[in-house]
Amino acid sequence: MRLGVDLTTLDELDALLRREWFRHFVFAEAELAHADGLSGTRRAEFLAGRFSAKEAVLKVLGRGLFQGVAPHDIAITRAAGGAPCVTLSATAAGAAAEAGISGVSVSITHKRDLVAAVAVGW
């Protein structure tokens, strides 16, 4: 079992989220589609939560942000009950196989301007 934790502030990503290349490098299409349906602060909170969750998953995989795994290959969607659900594809799936990780689960929490995520891999 492996554990990854990340903490992000909402304003940490402000400038980067205005850059289209960053949005497509970091977020999966399903995440961007969901974010586009949200407004203002809720959109920023949602994307910061997904970013923090991806950072936590990368730690589970034993990688950093620019160490061979494209963050958009880690999709954080919602299960039927609303809980976050992790899907690894392409570079992320390969890194998981190399690390002996067969599954990953995440939890995301928001409080004021802070977003925290915890990922567990097994």
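Is Arg23 buried or exposed? At 12% relative accessibility, Arg23 counts as buried (buried is under 20% relative accessible area, exposed over 50%, partly exposed in between, with a 1.4 Å probe and protein chains only). Keep in mind that this is a predicted model, where local features need pLDDT of at least 70, side-chain atom pairs count only at pLDDT 80 or more, and totals for chains, interfaces and linings use all residues. Residues are numbered from 1 along each chain as its sequence is written, and side-chain values use heavy atoms, leaving out hydrogens and water.

**Salt bridges**

- A search of the whole structure turns up six salt bridges (a side-chain nitrogen of Lys or Arg within 4 Å of a carboxyl oxygen of Asp or Glu).
- Arg23 pairs with Glu20, with 4.0 Å between the closest N and O atoms. Both sit in helix α2 (residues 20-26), three residues apart, or about one turn of the helix. (Helices are DSSP runs of H or I, at least four residues, and strands are runs of E, at least two, numbered from the N terminus.)
- Lys54 and Glu31 meet through their side chains at 2.9 Å, N to O. Lys54 is in helix α4 (residues 40-60) and Glu31 in helix α3 (residues 29-36), so this pair ties together parts that are 23 residues apart in sequence.
- Lys54 is buried at 2% relative accessibility, and Glu31 is buried at 1%.
- Arg63 bridges to Glu98, the closest N and O atoms being 2.8 Å apart. Arg63 comes from the loop between α4 and β2 and Glu98 from helix α5, so parts 35 residues apart in sequence are tied together.
- Arg63 is partly exposed at 22%, while Glu98 is exposed at 64%.
- Shared partners also link Glu20, Arg23 and Asp36 into one salt-bridge network.

**Surface patches**

- Leu3, Val5 and Val118 make up a nonpolar surface patch with about 260 Å² of accessible area together. (Patch residues have over 30% relative accessible area and no salt bridge; like charges are joined within 9 Å, and nonpolar side chains, meaning Val, Leu, Ile, Met, Phe, Trp and Tyr, within 5 Å. Areas come from the Shrake-Rupley method with a 1.4 Å probe, and for residues only the protein chains shown count as cover.)
- Val5 belongs to strand β1 (residues 2-9) and is partly exposed, at 47%.
- Asp11, Glu12, Asp14 and Asp113 gather in a negatively charged surface patch. (Asp and Glu count as negative, Lys and Arg as positive, with His and the chain ends not counted; each charge is placed at NZ of Lys, CZ of Arg, CG of Asp or CD of Glu.)
- Asp14 is in helix α1 (residues 14-17) and is partly exposed at 36%. Asp113 is in the loop between β4 and β5 and is partly exposed at 42%.

**Strands and backbone**

- Strands β2 (residues 74-78) and β3 (residues 84-88) run antiparallel, joined by five bridges (strands pair if DSSP finds at least two bridges between them). Ile74 has Leu88 in β3 as its bridge partner.
- Their hairpin has five residues between the strands, and Gly82 there takes a positive phi near 105°.
- Most residues other than glycine have a negative phi. Ala90, not a glycine, has a positive phi of about 45°; Ala90 is in helix α5 (residues 90-99).
- Arg112 also isn't a glycine and has a positive phi of about 50°. Arg112 lies in the loop between β4 (104-111) and β5 (114-121) and is exposed at 73%.
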